[in-house]
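Q: I have a model open and would like to learn how to read it, one feature at a time. Where do we start?

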Amino acid sequence: MTRRESALRQSWDANAAAWTSAVRSGQIESRALGTDRAILEAVLETNPRSVLDVGCGEGWLCRSLTARGVSAIGVDGSAELVEEAKRAGGGVFHVLDYADLAEGGEIPGGGLHDAIALNFALLGDDHTAHLRALTGHLSPGGRIVLQTVHPWTARHDQPYRCGWRMETFAAFGSAFRTAMPWYYRTVERWVEEFHDAGFCIVALREPRHPETSEPLSLLLIAQPLPHPGRDADPTPPDHRIRGV
Ligand SMILES: C[S@@+](CC[C@H](N)C(=O)[O-])C[C@H]1O[C@@H](n2cnc3c(N)ncnc32)[C@H](O)[C@@H]1O
């Protein structure tokens, strides 16, 4: 693990209490304005019986799905956040790092899932192996639903170019103790990363601010590319962004 990745991972344990409070008190405006609804609706559109929430944090998405009768398992690398999720209930939660997933680590009671959610959860510079590993946890026809910061609005005053950035959480006051390195990606890089991992993007959405119309996030829905000769044709894509 690189120094930056290790700092990224450790920041979530250090900030677990502050993050839990920010999420549960509705402090993150973009979530209230539309991103929570966007990921929940996109996951529910897959008519899932079972969902795996990867990088589940304090567990809000699993709780929302469980409340709607969907079986939900959340995994996260932060033991502190998983503790918070377990305390709140409404899902089954396990500590698991993405690297363990990529190395074939089992998810207790795992099984196959109709949807895998990644909500603002991919923050490192190379998730190709992690995404590829998720194929083994998807049921036939299952989809990955990823939501991330919108690359255009999240670039702020910096160039539109992939690279490491630092999140200080200054907007949340002094409760966050540790800054978090994270890797900024362009839209093109997100699409390439899914393709490199063996997925095609079947839908791309930009949830908008209800008044200003600025994008609040980027939402990508992906399904594994068919293996010629092995799989039947996949469900036809909603938007054709295949073969990039
Ligand atoms: C911005 S939070 C999002 C949490 C949750 N998905 C939500 O919507 O509130 C990012 C989460 O990704 C997790 N995470 C980041 N890198 C990880 C890794 N390498 N392995 C496991 N979890 C990781 C963090 O622990 C944190 O809970």
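Predicted model: local features only at pLDDT ≥ 70, side-chain atom pairs only at ≥ 80, totals over all residues.

Q: Is Arg-63 buried, partly exposed or exposed?

A: Arg-63 has a relative accessible area of 22%, so it is partly exposed. You'll find Arg-63 in helix α4, which spans residues 60-67.

Q: Which residues does Arg-63 touch, not counting residues up to four places away in sequence?

A: Arg-63 touches Arg-24, Glu-58, Ala-88, Gly-89 and Gly-90. Take Ala-88: it is 25 residues from Arg-63 in sequence, and their C-alpha atoms are 8.4 Å apart in space.

Q: Ala-88 takes me to another helix. How do I read which side of a helix is buried?

A: Here's the general idea: an α-helix has 3.6 residues a turn, so residues three or four places apart point the same way. Now the case here: in helix α5 (residues 79-88), Leu-81, Val-82, Glu-84 and Ala-85 are buried. Looking down the axis of α5, these buried residues fall within an arc of 155°, so they line one face of the helix.

Q: What covers the buried residues of α5?

A: The cover includes the helices α1 (3-14) and α2 (16-24), along with the strands β2 (71-76) and β3 (92-95). While you're there, look just after α5, where Gly-89 takes a positive phi of about 75°. Gly-89 is also one of the residues that Arg-63 touches.

Q: What about a residue in a loop? Where is Asn-15 found?

A: Asn-15 is found in the loop between α1 and α2. With a relative accessible area of 1%, Asn-15 is buried, because the cut-off for that is under 20%.

Q: What does the side chain of Asn-15 reach?

A: Its side chain reaches the backbone nitrogen of Arg-177 at 2.8 Å. A polar atom of the Asn-15 side chain also lies 2.8 Å from the backbone oxygen of Thr-178. Leaving aside neighbours within four places in sequence, Asn-15 is in contact with Phe-169, Phe-176, Arg-177 and Thr-178.

Q: How much space lies in the largest pocket?

A: About 1000 Å³. The pocket is lined by 37 residues, and Ser-30, Val-149, Ala-154, His-156 and Glu-167 lie nearest its centre. At least two lining residues come from each of α3 (29-44), β6 (163-167) and β7 (180-184). The lining has 21 nonpolar, 9 polar and 7 charged residues.

Q: And how much lies in the second largest pocket?

A: That one holds about 590 Å³ of space. Of its 32 lining residues, Leu-8, Arg-9, Tyr-98, Ala-121 and Leu-123 are the closest to the centre. Helix α1 supplies the largest share of this lining, 4 residues.

Technical notes
Residues numbered from 1 in each chain as written. Heavy atoms only, no water. Buried < 20%, exposed > 50% of the residue type's maximum accessible area, 1.4 Å probe, protein only. Contact = heavy atoms within 4.5 Å. Arc of directions from axis to C-beta. Polar contact = N/O pair within 3.5 Å; in protein donor to acceptor, adjacent residues only side chain to side chain. 1 Å grid on protein atoms, 1.4 Å probe; cavity = no way out; pocket = protein on both sides within 12 Å on 5 of 7 lines; lining within 4 Å. Points joined across faces, edges and corners; volume = space filled by probe spheres on them. Nonpolar A, V, L, I, M, F, W, Y, C, P; charged D, E, K, R; others polar.
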